Structures are given as C-alpha cells and as structure tokens.
Amino acid sequence: MKRWVWTESYTAWAFMAPGLALIAVFVFWPIIYGIPLSFTDYSVISETHYVGFDNFVTAFHDKNFLISLWNSLLYVIIVPIIQIISIMMAILVNGKIPGVKIFRTAYYIPVVTSMVAVALIWSWLLSNNGVVNFFLLKLGLINDQVAWLSTSSTALFVLMFITMWKGLGYYMMLYLAGLQGIPSDLYEAARVDGASRWRVIWSITIPLLRPHILFCTLISLMGAIRVFDEVYILTKGGPGTSTLTSSVYIFQKGLEQFNFGYASALGLIVSILVGVLSVLVFRFNQKGGVNPY
Amino acid sequence: MSATLRPKKWIAGIRLAVVYTLLLALALFMMGPFLWLLSVSLMPGKNVFSNPPAILPTFIDFDNYVKVWQFMNFPKYIYNTVVITALGVIFNVILAALTAYPLATFRFKGRNLVFTLLIATMVIPSSTAMIVHYLTIQWLHLTGSFLGVVLPSAVSVFNIFLMRQTFLGIPSDIRDSGKMDGASEFRIWLQLVLPLVKPAIAVISLLEMMAFWNNFLWPIVVLDDPQKYPLAAALTFLNGQFSYNFGWIAAGTMISVIPIITVFLFTQRYYMEGIAGAVKG
C-alpha cells in the first residue's frame, strides 16, 4: 500500500515536471529576482553594485516616474465606465431575438484583432483630416480640427477610449455568461410582482452579477494600470509626458536604456500599488466572496 | 380582448425597434473602423483623409494587396507568425494538460502546495517580468530564436486551471479501467482521458492562437533580425517606413487581421465558452 502511494506521487511529479519547470523560470523567477535586482544598479554595460534604497529614493524624486504613475492612475477612470457599458451591452444581447448572435460576434471582433491593427486604424480615424474630425465638424461639436493624439490635453483620454473600445466585447461576453446563469424564474417572479424593467435590472441582475463584476473590475483594473501596447504604438508617452504610463516608462528605462536595476525598482513600486488597489476592490466587493478562478 | 392586446403588441413592436436600432448603432461603432479600413485597402490611390471620408468603396481594386504582398515579403512574415503561433499553441496545450492532470486526479503529497503556489502567481503582479524574461532568454542563448519568443508564455497558470477544472469532471472509472487493462498512467492520459477533454483543448488552442498571433512587443525585443518578425511586429515596421502609403498599410493590416478573424468566426462557440469558463470554477 505504501509503495503504491509513492509510485502515484512519483508519476504525478513526472507529469508536472516540464510545466512546473517553465512556470518556475518564467513566472516565479521574475517575481523573486525582480526584488534583489531593484536594489542594484545592474545595467549590462558596467559592473553591478548593491545600492540599497537608492533606486527607490531616485524614483520618488523622478518627475517623469511620478507623472507616469499619475497617468496610470488616471487610466483607472475607464474601469467603472467599462463595467457600466459592457453590462448594458450584455443585457442588450441577452435577449432571444433573431440575429442577436451576429451582433455578439460583431462586438467581439475588436477583441480578437491585434492592437497593432486597431491602433493603426484609430490613428488614421483620429488624425487632423480624419473621419472623426470630419463628423464632429459636420455636427458642429468642434469648430476646428483637433489633432487628438498629438495634443497633450486630449491624447491620454483618446488612448483610454481606444483601450475601452477594444475591450468592451470581452467584458460583455463575461457578463453575458453571468446573465445566462441567472435562473429565469427569478425574473418571472419579479414580473408577477409588477417590478419595472429597470427595477429588475437594479435589484436582481446587478446583485447576482456581483462575482462577475468583481472579476471584470479586477482584470480591467490591472489592465488599465499596466496599459502598454496602445500607448507604446501610438504615442510612446508623448506629446511630452502627457501619455507616459508607468509600464511605458519602465520599458523605456529597462529595455531601451538597459537600466535594469532602476526599472525593476519602478516595477516593484507599481506591483505594490496594483496589489493594494486589488485588495481595495476585494474589500469593496467583499460580499461577493468569490474565487475568480 | 383584441382591444387590450393591440396596444401591447404595438408597445412590443416599438421596443423591438429600439433594441434593433441600438444593436445596429453599436455594430457600426464596433465594426465601422474595420469596414472603413477594408474600403481604404480596396481603393488604390484614394486618400485616407479624403473629404468627405470614403466609408464605402466606390470601386474595388486589389492592387494594394498585390503591391504590398510583393514588397513586404509577406510569405516570410506569415511563415514566421505561423511557426511562432503553432509552437505556442502546442506547448500550451501539452503542458497545461500534463500539469493539470495529476492536480485533478492524483492523490499525492504536495498537491495543495503546488496548487497554492500557482494561485499565488495569479495574485502577485509582476511589472518587470519582461526585463527578467529578457535576461533569462539571454542566459539560455535563445535571443533571436522562435523558441525564445515562445518559451516565456509556453505555459500559463490560467490554462492549467482551465484544464484541471475539465479533468475534475471526468469519472474516475476511466482511469481505473485503464489500470485494469495494464495501461501506464501516461497511456491512460493520452489515449483515454485526452479525447474526452477536446473542448477544453480547443479553447486553450484558440485563446493562445490569438495571443501569439497578435503579440508584437516581445518578438521585437527578442528577435534581433526584422526578417524573423511575425506579422504584427512587421506591421509596426511597415507603418514606420511607409507612413505615406496608406493603401499599402491598410492592405497589409487587412492581411494580418483576416486570418485571425476567420478562425474566430468559425470557432466562436468554443471560444465564447472558454472565456465564460474563466469566471466559473
């Protein structure tokens, strides 16, 4: 009997060995190694020294880093907006009307296309002589052409819009899955009681979607704070530092200027920030009490 | 009877009209940009910034596609993308299925520990992973190779959980009956269990296919030679070099986007189940 138990655990580890080895190297190691790295001045070109908390002191005096942190936090504005719009979209496509599946698919297309393609399309649409300006001028909403992505006051918000536009379909599908898990007799009971449509949404749908709201909020929160692709492709943080987000700044410091030690310190600060924010979301949503996976 | 029914029907009709109007408006908002790109790509010589904007093509000509195909060496980039994507999908499917199987069906010491550690990685964010990955890939002498592109995302904790969830639903008799016949654990896994979890394999394949197909940054970081770039990375290159030739860029972008959209359209049922399964469990 004892021998059999041993064999089974031996086989188990043999099954898991390749996967766990890769996870150790590419998931655990970055988490672990990032910490000591952030206390050094490792930079490939010169000798590496232990520098104590110097990187962290520098970070909090680094104006560009502080701006990038602020921009990343500002990006979080999209989190509640994404939830509201995608829940409404999910309710809209949850009906059993003919052709609704085609619409679901259509809304999902931006999710499956690459950010490179999406960024390219929107950069054209949003340029000075682009389609967006054409329509806004026609409608009288603006008086002059706006260079949406190269004006410091609009660029960050335009990027937020693009992030949202690309992600809405994804969150819609997650919420749709939640909606379809709500037993229909609950709705019928509410209708018998004479509840209005909005009342039903507010008192039945939203509370029952709570685990999904928590999950989607967490994912979109992390996505927002770590936003990279769209910013890197479209503005590289510019004009000036108006769209510099923390991920872009860390990438510039690390993989463009090869300041690995400093970049790791910045990464650690951001990781702690994300961790704290996630805990806050959990607290805020405590009644949901759900394991996202 | 009919007097009470008629206004109700009327209201239902209006409601349906409102719903379809909303659905169509949203569809235009989500699909419009792609349709516009398609129409730009099909009209050589037409300016993207023409006034009024050309939403629908007034003529159709594939000249942009022919020219950009010849100029960009697309077969090479498509080959790179396909190899990277195939490697990524194969690694992810095999490794997730292997790693998740004992976690779901075996009893062994350390199972809970492995499980807890895996969950921990999903909670602790790493903002500098890419930097450490770069150092690791360099240390393994894999810079410039497709393997270097694929390896850091060859296995994901998310996929392991998805796979484990599926294995949990398989009756244990199957493993027992395999044992009775004297099959090894590996053969039971390969020949008896895997065929039963095809939907989950399909889901992982699809999710990873899209992720690898669309990935542009890591390939640029790891691959020193632009000739090895996959499509998404090559497009940023094209965009930088020919920012004036809108038709070519539009056609190039369409070429990169069409395969993945086609795959999605044909497999969306599995795909949707997969992302929905992410919240359950």
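Biologist: How many helices and strands does the secondary structure of chain A come to?

Modeller: Helices (H or I, at least four residues) and strands (E, at least two) are DSSP runs, numbered from the N terminus. In chain A they come to 14 helices and 0 strands. This is a predicted model, where local features need pLDDT of at least 70, side-chain atom pairs count only at pLDDT 80 or more, and totals for chains, interfaces and linings use all residues. Residues are numbered from 1 along each chain as its sequence is written, chains are lettered from A and ligands numbered from 1 in the order in which they are written, and side-chain values use heavy atoms, with hydrogens and water left out.

Biologist: And what does chain B have in helices and strands?

Modeller: Chain B has 13 helices and 0 strands.

Biologist: What is the radius of gyration of chain A, and what does the globule rule give?

Modeller: The radius is taken over C-alpha atoms, and the rule is 2.2 Å times the number of residues to the power 0.38. For the 293 residues of chain A the rule gives 19 Å. The chain has 24 Å, well over that, so chain A is more spread out than a compact globule. Its C-alpha trace spans about 80 × 75 × 30 Å along the principal axes.

Biologist: What radius of gyration does chain B have?

Modeller: Chain B has 25 Å, while a compact globule of 281 residues would have one near 19 Å. The C-alpha trace of chain B spans about 75 × 70 × 35 Å along its principal axes.

Biologist: What percentage of the residues in chain A is buried?

Modeller: Buried means under 20% relative accessible area, exposed over 50%, and partly exposed in between (1.4 Å probe, protein chains only). In chain A, buried residues make up 54% of the 293. In chain B they make up 48% of the 281.

Biologist: Where is A:T11 found?

Modeller: A:T11 sits in helix α1 of chain A, residues 2-37. A:T11 is buried, with a relative accessible area of 18%.

Biologist: Which residues does A:T11 touch?

Modeller: Contact means heavy atoms within 4.5 Å. Not counting residues up to four places away in sequence, A:T11 touches B:F106 and B:E185.

Biologist: Which residues does A:S72 touch?

Modeller: A:S72 lies in helix α3 of chain A, residues 63-75. A:S72 is buried, at a relative accessible area of 2%. Leaving out residues up to four places away in sequence, A:S72 touches A:A224, A:I225, A:T245 and A:S246. Take A:T245: 173 residues separate A:S72 and A:T245 along the chain, yet their C-alpha atoms are 5.1 Å apart.

Biologist: Among contacts in chain A between residues at least 6 apart in sequence, what percentage joins residues at least 24 apart?

Modeller: In chain A, 67% of those contacts do. In chain B, again among contacts between residues at least 6 apart, 71% join residues at least 24 apart.

Biologist: Which residues of chain A does UniProt list for "domain: ABC transmembrane type-1"?

Modeller: UniProt positions are given in the numbering used here, feature names are shortened, and annotations may be inferred rather than shown by experiment. The unreviewed entry lists residues 69-281 of chain A for that domain. Over residues 69-281, chain A is 76% helix and 0% strand.

Biologist: Which residues of chain A are listed for "transmembrane region"?

Modeller: The unreviewed UniProt entry lists several stretches, including 73-93 and 208-228 of chain A. Residues 73-93 of chain A are 90% helix, and the end C-alpha atoms are 31 Å apart. Residues 208-228 of chain A are 81% helix, with the end C-alpha atoms 33 Å apart.
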